[in-house]
Each structure stands twice: as structure tokens, then as C-alpha cells.
Amino acid sequence: MAAITMLEGIRQAIFEEMDRDPAVVALGEDIGVYGGAFKVTEGLLARFGPERVIDAPISETAIVGAACGMGYLGLRPIVEMQFIDFIACCFNQVTNFAAKSHYRWGAPVPMVLRGPSGGGVHGGPFHSANPEMYFMHTPGLKIIYPSTAYDAKGLLKSAVRDNNPVLFFEHKYLYRRIKEEIPAEEYTVPIGKAAVRREGKDLTILSYAAMVHTSMEAAEMLAKEGIDAEVIDLRTLLPLDRDAILASVKKTNKLLIVHEDTRTGGIAGEIAALVCEAAFEDLDGPIARVTSLDTPVPYSPPLEERFLPNAEKVATAARDLAKY
Amino acid sequence: MADVIMPQMGESIFEGTITKWLKKPGDKIERDEPLFEISTDKVDAEIPSPSAGVLKEIKVNEGQTVPIQTVVAVIDADGAGASAGAPASAPAPAPAKTEAPAQASAPPRTEAPAKPAPSPAPSAPRAAAPSATPAPPRPNGQKIRSSPLVRRIARENNVDLSQIPGTGAGGRISKHDIRAAIEGGGASRSSSGLSAAGAAPARAASAPPPAAGGAAASAVLETAVPREKMYFGHYEVQPMSVMRQRIAEHMVLSKRVSPHVYSVDEVNVSGIAALRSKLKDKFEQSSGTKLTFMPFFVRAAVEGLRAFPTVNSSVDGTNIVLHKECNIGIAVALDWGLIVPVIKNAEEKNFLGIARALNDLAERARAKKLKPEEVAESTFSITNPGVFGGLFGLPVINQPNVAILGLGTIEKRPVVVDDAIAIRSMVYLTLSYDHRVVDGAVAHQFMGKVKHTLENWTESIL
């Protein structure tokens, strides 16, 4: 089987799930005739028709509101945000309706809300968001942020089958940059399970999405200096894979968290608290983090490079932690 | 023969360092003639000879620290056989006691705080959290740096961390250090308190250039960054004098113990300045002492202290010790440091008495002739950064006082008087005070009293 991109993995997941289950529908801006801003849904309209592939007006609130209603009536909508930044427009629908319906009335919203996320492609402050932490704080949601084509496909299929509203963030820097051979037969990847991308004994680098690749690059640099880093890909942010995090911390005793989201209120803070609560006496050094700066994502390419974490920054933090 | 002993320079003083011998063996000496200089925790002083005769033997060399009452020299009262005997009997005083310097540089033995005894019975629910127990200092006085993991491993293996050399940043004991020590059998069991055979595995902790001696000397004085980050480029390392160390410790403690608050006031001292320039010569002629601004400020401070006694107090736990005397400490800058002689019972002295006391104490401070009791028992202090041109300063409280008054430089400034701009001699006064007992309202009323006294001076100064 030929290697496919992450974007192709996502496309295959949508096609396969719509094929498998007639309750699965897709809606979003320009996903039908145009095939989506990134061409994720190319061919979807021709294959499944306008009843199941709906070009929506430019109103994220209306789209998510409609998806909630579809969910109540037994459909399983896959909603696309043209850029994930626009999820802010439907914040109320996501947090107050989709997330709480099951709790309030026993009416689940089996919706997947997906969209291109993240920076590094010079998209500027309105097309580069990592909005995960707005939603980490909302009970009732699940959040997935994959780093590979295999995971993107398998996790999206799991998300469609999940009865909870699932936010599925797709890092657009990875869309066509990474390729991977995936099995010909059908598979899914379970939600809520992290993956060990590299085994190591000196310290743990915990990351997700594009930063997994940055962390792996840093780990290779560190290996040449005799520092053996373990790299863990969270894959699912909500619920966090507590067992995997703690197991690795108990093994290496040092934790560095890397995320592309900005620093203050980033997921590193939550993970640090979790580790302090559950594994304080396994720590042989302070929990460290490498993140983006606390600013909007700059448009200027040199500024964006300065803003984002990179392998050198990760390696520097890891060296300090290893030395501690 | 007469023994010369290390004198006790103050109640809480138990040792002194000989900084200089002023006579050599064989020299003739008069009674009360300066014989040697010492440095103690409280004061640097010249010690006079207890008797006349010939200095026969020096038993304690310069730089050595010995307990009080130690015999430091012997004087031959007859002076007779001295000139002949001295060279033979005491040929070279220097290398006499080689073990002494080592002992002197050994830091004071810390009274070991109770070890975080591993409690085998976890019955008591109140968190016995051993990791919260402050790490006991190393035998050489350094704080032990480790990590939660290392402390847990130490507890589980009953290991005394003070016996394990750290190779992490800043000498921290890392996971690898404690595992190596346990596996190598080098860690001593804390219960036995005895070092296992072949203790301290030889792990040359990559020591930064100078030996850790300096850093180890004081438990109070910590370094803010790992030591190795201080040594780069070209540098020279100077050991602190005893006085410098005491100042440093005192300042760190004061800042740690007292929550400092600062108030600044501006005072018009034109009247005092005019009075001073008018009477300066006359004052010096009649009293034999110089007329400076300082006694005006001391008098004004005393007025303030009498009106607001909490500013003239000390804090003992939950008790406030209100002092009935106004003993005013005056910070005197020295070429080799700083000392704070005290004008005792300033509230009983008139202007001339304060002026004399000030000049006398300052002169003797610079000549190293202060007596230990003259640098003790202050109830309030005044410092004068203005003398070096400072507009104003925010001084650190001189413990056990609860406040210190800082004087800025006196200079002519344009000020608004009756809606006109006039030139006046102005000074900024600052009060640093301990907010545990002195609140802003009291501090400002105190400053108001000081300001009022200075601006409406009525007392005759002659």
C-alpha cells in the first residue's frame, strides 16, 4: 500500500464512515461543490449527494446549532470549520449546547467538529489557532489532536462512532508534509490513549500534534549527546491518558512538556498539576515546558519562527532538565 | 609573666579573630599600649596590653579565630631575660600551630535539627509528609539540595542524604547519585548515624574554581544562582571580612524577618540651615565640637519617638517590647565596612550633649576604639545616605529595631510658598518600618512630628 498524507487519511476516514453508516452526514462552508478549503472533502458531494453533504452558510453558530439538532434526531454529523480559528464564533453552541445536552436531558450530540489548526504555515493571527484549551475546560467534550496519518484516520473513525461531541483538530502543517503507509484493511485508534513514539530513560518529552515531530527531532539531537529522551504523543487531550503520563514519569523521573499553544493556561499547566498530585515523589527535577510565546501568532515569517517552539528550544530545555 | 587573653567583646560573643599583631615578640610594651587588633561578630577593636614588659610569645597568629579567654600571648613583666630568651624560645611564631587555621575555617557546628525520622507507623493521619521536612544541613553547613524522588528513595532506604555527594546542578543530589551511593554501599544509614565503611564514594563533584570554603561559611548567606554560574571570564575572589559577613547576615535576616514598608517625606530645613551657618563658629569655639546637621535630626527623631512609642520598640514573637530609653543607633560608614554606634538615652541629652556624643562615637568608630557596649542596645537607628549625595535611600531596618530613618542630601530646591516659587533648603527623609507592629498611620504621624520639629526649631543649641 502506498504511503498517504495525513490529509488523505482524514479524507478516507470520512468516506469510509459515511459509507458504513447512512446516519453520518457532513456539513460546513464550501465542503461540497468546492471540496473544502484544503480539499479534504473533495469528491464527497458527488459520492454521497446533497442530502448528506451540505454546503452551509457562513455562520458557525448556525452550523453547530444545526448539527446539535441533527444529533438529537439520530444523525451523526461531521462538521468542518474552514479554519479552526472560527470555532470561537460558535463557542456558545459548542460549550453550552453540544457539551451539556447529554447531561441535561440525556440527549447526546454525536457530532465531530473538525478543522485545520495550528501555525507554522505563515497563516497569521486568524488562521493559525490552537484552540484546544478553550475547550479542555468544558466537561462533556472530547478533544483529539493527532500527529500522524495513521492516527488521524483511525481516531477520526473512532470520533464519528463516539456518542459525545468530539473536537478533532487537524494540524495543517502536517496535512501534506508527512506521509505514512497505512493498513489496507479497516482499523480504528482508540480515543484517550497516548502513544510512546520513542523509548528513553533520562527524561520524558510529552507532546502532541506537530510538536511531536519537533520533539522527535530534538530527541535525536539529544541522543547524540548521550541524553536518552522518551517521547510521548498524547493524541487525545480530553480525556488525558493519565496512566501513560504517570507511567513514563515514574520511569524517567523528569518531565518536559512541549506544546504549540501559547504558554499561559496551556495544557502543560494541567499536566504539571496532575503529575504533582499523583507522582510528586517520583520527580527528580522540576516539570519544564516549551511552548509558544504569549502573543497572537505573528504573520511575519521570522517572527512566527521566533514565536513557535522548535527542536533547538526543546533540546535546550531538555539539556537543562537532564543536568538538574 | 602575664597571660594576654582574647577578651569577651559583648555578652553574646564567644570568639574573636586576631586581625593584626601590633608588636613582635621581643618588643617592649607599656601597659594599655595597643597590642593587637581583633574582629568579632559585633565589633572590630584594638586591644591594649594588660601589663608592661616585653612581649615574650605570640600564641595565636593573625587570621586565626579562637574562643574568648584563650591565651593569645605572654608578656614577661620583668622584661629581664626577654631580649635574650625570646629569640631562642620562640623562634618562629608563624608555623607553630598548623592545625589551628584549619579549625578556624571550619564553620560553626550546626546544632543538627532532628533528622526526618522515617515513621514506620503511618497511623497518624496528619501528613507526616517527610518531603516537607526541611533538609538538614550538611555537616559543613551547606543546605542539602535534592528532589522529591531522591528524598523518597532516601526515606525508603533509610539513607542519610548528608553523606551523599551531589553531582547535579548546584551540587544537587540526583537520582543517579543516590542510586550509585546505595548500590555502592557508600550511603550511611541515618538510623545508625555511622558512616558505612568506605563512606562518601569518591565522586569528584566537578568543583568550580575556588574551593567551597567561602560559600560554606554561613548558613544564612545562600547563593541565588548555582555557584558555577558566577565564575566566568576574568575574576578575583576576595574572602569577606568578619564584619562584611556579619553585615551581610544581618541584612538578610532583617529583610526576611521584618516586612519592610517605606515612607518618604520632604522637609524644609531652611531655618536650621540658617541657624547652623550663623552659629557654626561660635558653637565650635564654645563647645569644642563641630556643629553638623546630624544632632538636629537626632533631636527631632527623639521627639517623634516620644510621641509614638511603638516606633521605639522591638518584636519578640507576639510581644511588643516598648523601650523606655531612646537609644539612637547612628550608621557610620568606614573604609572597611559599616558600624552603628549608639547614643544611649538620647532623650535625656540636650542638643550639645547629642552633638558631642555623635562626634565622639563617629571618631572612635573610625579609629576602631569603640567598646562593645557602644554598638549594642539601640532602639532606633538613623542612616545618612545624603552625605554621599543620595537624594534619599530606603534603608534596611537595623534589628532588633522596628524602624530606621534615612536622611537624604540637603540641597536648595525651588518650592511653592504662598503661591510663589521660592528657594529653600530641602531634604527628603525616609522611614523604613516593620509593618508587623508599625502601621502606615503611625509611621506618617511619626514623620509628621519629626518634620514639624525640624521646620519649627525652637530649642537653643548653644
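The questions and answers below treat the model, its sheets and the contact between its chains.

Analyst: This is a predicted model, in which local features need pLDDT of at least 70 and side-chain atom pairs count only at pLDDT 80 or more, while totals for chains, interfaces and linings use all residues. Residues are numbered from 1 along each chain as its sequence is written, and chains are lettered from A and ligands numbered from 1 in the order in which they are written.

User: What pLDDT does chain B average?

Analyst: The term pLDDT is the predictor's confidence in each residue, from 0 to 100. In chain B, 78% of the residues score at least 70. Residues 190–208 of chain B stay under 50, with 32 contacts beyond four places in sequence (a contact has C-beta atoms, placed from the backbone, within 7 Å). The average for chain B is a pLDDT of 80.

User: What share of the residues of chain A count as buried?

Analyst: A residue is buried if 20 or more other C-beta atoms lie within 10 Å of its own, exposed if 12 or fewer, and partly exposed in between, with C-beta atoms placed from the backbone. Chain A has 324 residues, and the buried share of them is 52%.

User: In what order do the seven strands of the open sheet in chain A lie?

Analyst: Two strands pair if DSSP finds at least two bridges between them. In this sheet the pairing is mixed, and the edge strands, strand 3 (53–55) and strand 12 (236–238) of chain A, each pair on one side only. The order is 3-2-4-5-7-6-12.

User: Which residue stands opposite Arg114(A) in strand 7 of chain A?

Analyst: Strand 5 (residues 112–117) and strand 7 (residues 166–171) of chain A run parallel and are joined by six bridges. Opposite Arg114(A) stands Phe168(A).

User: At what angle does helix 3 of chain A run to strand 4 of chain A?

Analyst: Axes are lines fitted to C-alpha atoms, for helices over the stretch in contact, and angles run from 0 to 180 degrees between N-to-C directions. Helix 3 (residues 60–72) of chain A lies across strand 2 (24–28), strand 4 (76–80) and strand 5 of chain A. Its angle to strand 4 of chain A is about 165 degrees.

User: Is strand 17 of chain B mostly covered or uncovered, and how many of its residues are buried?

Analyst: Strand 17 (residues 403–407) of chain B is mostly covered. Ala403(B), Leu405(B) and Leu407(B) point one way, Ile404(B) and Gly406(B) the other way, and all are buried. The number of buried residues is five of five.

User: Which residue of strand 19 of chain B stands opposite Leu405(B)?

Analyst: Strand 17 of chain B runs parallel to strand 16 (residues 380–383), with three bridges, and the bridge partner of Ile382(B) is Leu405(B). Strand 17 also runs antiparallel to strand 19 (residues 420–434) of chain B, with five bridges. In strand 19, the residue opposite Leu405(B) is Leu431(B).

User: How many residues does the contact take from chain A and from chain B?

Analyst: The contact joins residues from chain A and chain B. Its two contributions are nine residues from chain A and eleven residues from chain B.

Definitions and conventions. Helices (H or I, at least four residues) and strands (E, at least two) are DSSP runs, numbered from the N terminus.
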